[in-house]
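Please keep the sequence and the model in view while reading.

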Amino acid sequence: MTRLVLLSLVGTLLVTASMAETSRGFKRLLDAVVRIDVREFAYEAGSKRFQSGVGSGVIVSDDGLILTNAHVVGLRAVDINVTLANLERVSAELVGWDHWTDLALLRLDAEELKRKGHKFTVGRFGDSDDLDPGETVYAVGTPHGLTRTVTRGIISNPRRFFADSRGVKGYETGQFNTWLQTDAAINPGNSGGPLVTSDGRIVGINSRGYSGADNLGFAIPSSTARRVMTGLAEDGAIERSYVGIVPGALRDLEDFYDLELNTGMLINSVDPGSPAAEAGMRGGDILLKINGERVDGRFPEQLPPIKNMIAVRPIGSELTLSIKRGDSTDDYTVTTEELVSRVGDESVVEIWGLSIREVSRPFARENQLPNDEGVLVIGVQRGFPAQVAGLSTGDVITKINNTPIASIADILKQAEAYEELPDKVLVEARRKFRVSLYVLKP
Amino acid sequence: MKTSFTPFLAGLFCIVGISSIVADQSPASLLDERLASVVVVEFAIEHELDRTLNYINGIVIDDDGTVILESSAISDRATPGQLVDFKIYRPGYPTTQYATADYLGQDGYTTWHFVKVQPEGRTGLRPITDFAAADPAAMPVIGEKIWGIGLRQKDEDFAPYYLSSQVSLIQRLPQLTGVALGSVAGRGCPLFNEAGEFIGMGASGFGQRMMIYSQRRRGEMSVLINPDEAAGFRLAAEVYPAIGRIPDNLFGRPLPWFGIDGINPVGPEVAEFLGLGSTTGLVISELLSGSPAEEGGLMPRDIIIALDGMPLPRLKPDGVVAAHLMREILKREPGDTLSLTILRDQLELELPIELGDAPKTPKEAARNYFEELGITIRETVFSDVVARREDPSSLIGAIAHFIKPSSPAGTAGLRVDDWIKEIDGTAVVDYEQALELFGAAESSGRPEVVMLVSRGGETSVMRVKIDE
């Protein structure tokens, strides 16, 4: 009996060993994984404040490009320190950022690398489209700051769909890609590290887990990551096209719409003022083809790729959308606009203790504002003029001293005048739909 | 305000002349006598799936068995049609003895609800005016001793008990309101001075800010409210106008309409900046499409500074000024003219506004419950469309007023206040059409109804699977 148990234990060890630990590919991958320490600023609570965080990343090119998450390194990073496999530190800079796919691209400081004589290996990609549920995968990274941690699990679902409207530092994410779901332990700090197969091929970039749940982790598939990486390396950002349709799954509605199975995508809603709305499309329409190419949006998992079909067209493209409404099918021509985030540019007026953000079109639409004019208050500092006057987060400033405020520049101009000659300032702001007046006093 | 009630006040003096308020009576006998003006009103609200029983204290205001209840006594979501089985209990009497009553409606200006006791139940009731002070306009003074009636629950026969305190504060909110040092009357029950003269009615919602002290967590402010007894009370002067305003219809029509949304008081700093001195102003956020205010030439962001030539008073807290304006409007009638002085781009303008007739309210909207689908739909009214930031000149579709949990509609994801714009592919032009389409869907034998529903400005298609 005792012997049997022992034997079976040895057997397990042998099998496991053959899967990853002894694989050359896996070892090579380990040498490509890095820890990332970031210090960045934020315009929180009416002042410019610094915060720091730890994440993971993987080196993906000979010239030191590192793939990580957009929520690990943001546009306001001032200090990025990368810890290589040999535990030596090298600084890096941000090359590109894309919150829609939660990806960021960094580049190691070549000069510093050369000076210090550090070496690294380059991770190799696998094909995420080939993954099957149940396949063994490993997550490598820095959970809770524990450098160089490997956890193991399986692919729980290779095509998970979820969109999060505030998932990346308040920015939208997940609308244009599906996710790999894994039960490999993914904790805070794993973000940006690779999800790899037993031969060390990168199939995903670990991004998030359900907090409070057991072993529900998610990674951006490598097929998405490689495409975005190319774009970020070239332009620093990914431009996407927008037409303003909100898709829905057609499942169970085919009879009602008199459609063959696996044909078309439901349009749940059309954003007011968007190209699709201008063209006359509306909620309840069925999108059959984009530029003659048939679409199949039967299940929620199929929607991100369809949205991506539109997103990848150059901004300003003319698209022909075949739309079925009732018994008739018509072509609608729409000219795409640039996709923008709900989160606009941000700044701070420190003398008033006021953090501000541009009102973007999506923000105005979500909040049913009449237009995208005005500037949103995102924080106030206690005891400073803005807070004392009664302004608070969520207010939209529309006028200062009877001058209309359309952008951050308009506010900064008023603040400059105040700084030169501090005097009472009358501010008009909207909270939801109510207009109020405030006086800022020196 | 004063002129319209002068005839009533004159009448009151006569009553006082013949009434017998005797100052040297004992508290027990004073209380006993005044119980004749206090009743407990029981009524049921019929919902789609169940009914809820409510017990509210009320005060008798005349010899015809009219009883007033505070405005919060009846939920705003309940329509008069849902209010049934009104019963009247006398404090301290066995609850097997009760009278029946009818709901008369709510008055828009005073916001009281009115109930009329059936003739056979009126014996022994006395109007509160029997206990009016010699000068009904006299105000209680700070420090004055006052007492009131509290009532126990039904299982104790609504037994009356005595509460007493002293006046601590008198304020306009904008209703004349008093605050006592402690609980001084049950909600909706009367208060009296030492001579037994009626001085007010126990009001709801007077909270004291309290610090919850904990050694583990830093203290947080909380508001504690006693739901049974009140330290705050509406003065008698707020109760007497009810006598002249018994509604002759359930919705208190005619209701005047002005048509502005979001009136925000300016703070003292802004008032000073605008040169308003010791008075104040109200910023108008929005004008409702087609409203008298819009037609009268008001613009968004105008600042109202005076009504009929009277500068807006600085009532505290600031928000009370907005309520003051609403009351000034509601005490008028459709067709009356209100003269507004406004500030626009720092210039003063005088604008006469002729009040209109208020559009149909959600309470007045027709509604119908579809048992199989598990949904109550209601007629779309003006305020629904305004709240959804669309053009209220066309009242299309229907509003989901109730969704039965786990019903076909509930399972499909419909929620209360969803705006149903299409049913089975047909655009719903009005409520009647929604009724027809739902009726047809339920009787068609089809396994589903498909709706286009608007929520938060976004539409979505919802499929409601009908049970076999």
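Into which domains is chain B divided? The model, which is predicted, has three entries to look for in this chain: domain 1 covers residues 1-250, domain 2 covers 256-357, and domain 3 covers 362-465. The centres of domain 2 and domain 3 of chain B, taken over C-alpha atoms, are separated by 36 Å. Contact between these two domains of chain B involves 4 residues of domain 2 and 4 residues of domain 3. On the side of domain 2 of chain B that touches domain 3, there are 1 nonpolar, 2 polar and 1 charged residues.

The next feature of chain B is a barrel. Here 6 strands close up in the order S7-S8-S9-S16-S12-S11 of chain B, with antiparallel pairing. From one strand to the next, the twist averages 40°. One of the pairings can be followed in detail: strand S9 (residues 176-180) of chain B runs antiparallel to strand S16 (residues 232-235) of chain B, and 3 bridges join them. Within S16(B), Gly232(B) is the residue that stands opposite Val179(B).

Attention now turns to strands of chain A. In general, the strands of a sheet pair through backbone hydrogen bonds, in either a parallel or an antiparallel sense. Strand S1 (residues 33-42) of chain A pairs with strand S4 (residues 77-83) of chain A in the antiparallel sense, over 6 bridges. As an example, Asp37(A) has Asn81(A) in S4(A) as its bridge partner. S4(A) also runs antiparallel to strand S5 (residues 89-98) of chain A, and 4 bridges join these two strands. There, Thr83(A) has Arg89(A) in S5(A) as its bridge partner. S4(A) and S5(A) form a hairpin with 5 residues between them. In the turn of this hairpin, Leu87(A) has a positive phi of about 70°.

Finally, the two chains may be considered together. How many residues of chain A are in contact with chain B? There are 22 such residues in chain A, and they are in contact with 24 residues of chain B. On the chain A side, the elements that give two or more residues are strand S17 (245-248), strand S18 (265-270) and strand S30 (434-440) of chain A. The largest share of this side comes from S30(A), with 6 residues. Sorted by class, the side of chain A that touches chain B consists of 10 nonpolar, 9 polar and 3 charged residues.

Definitions and conventions:
Residues numbered from 1 in each chain as written. Chains lettered and ligands numbered in written order. Predicted model: local features only at pLDDT ≥ 70, side-chain atom pairs only at ≥ 80, totals over all residues. Contact = placed C-beta atoms within 7 Å. Nonpolar A, V, L, I, M, F, W, Y, C, P; charged D, E, K, R; others polar. Pairing = 2+ DSSP bridges. Domains from an automatic or database assignment. Axes fitted to C-alpha atoms, helices over the stretch in contact; angles between N-to-C directions.
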